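The following paragraphs lead the reader through the structure shown here, from the whole chain to a pair of side chains.

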Amino acid sequence: MGNMGEQEELKTRVAVLETKNEAQECRLNSLEIDVGKKFDRLEAKLDLVLQAARSRPSWVVALTISGLMTITTGLMVYLVTYH
């Protein structure tokens, strides 16, 4: 009888782990969708900045792109590590 109790306990633990895994997958999928949407908006804004910057010196464009990429990379690392 003790062996049956251990098997039931193991089945319960596996079920709990599977449920947690599914929840984590859902969170990851949601995060990927959110990050994708943010990148789409960032790309649209970057296009506007680049269009506006065509008549300006190239160093301004370089600094803008560099700053945006730094912010984007930082946000991605934050999202992946803390959520």
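This is a predicted model: local features need pLDDT of at least 70, side-chain atom pairs count only at pLDDT 80 or more; totals for chains, interfaces and linings use all residues.

Residues are numbered from 1 along each chain as its sequence is written, and side-chain values use heavy atoms, with hydrogens and water left out.

The chain contains two helices and zero strands (DSSP runs of H or I with at least four residues, and of E with at least two). Its C-alpha atoms fill a box of roughly 80 × 15 × 10 Å along the principal axes. The radius of gyration is 23 Å, whereas a compact globule of 83 residues would have one near 12 Å (taken over C-alpha atoms; the globule rule is 2.2 Å times the number of residues to the power 0.38). Buried residues account for 8% of the 83 residues (buried is under 20% relative accessible area, exposed over 50%, partly exposed in between, with a 1.4 Å probe and protein chains only).

The count of aromatic pairs is one (ring centres within 6.5 Å; planes under 30 degrees apart are stacked, over 60 edge-to-face, the rest tilted). The rings of Y78 and Y82 have centres 5.3 Å apart and planes at 35 degrees, so the pair is tilted. Both belong to helix α2 (residues 58-82), and because they are four residues apart there, about one helical turn separates them. Y78 is partly exposed at 42% relative accessible area, and Y82 is exposed at 62%.

How values were computed. Rings of Phe, Tyr and Trp (its six-membered ring) pair if their centres lie within 6.5 Å; planes under 30 degrees apart count as stacked, over 60 as edge-to-face and the rest as tilted.
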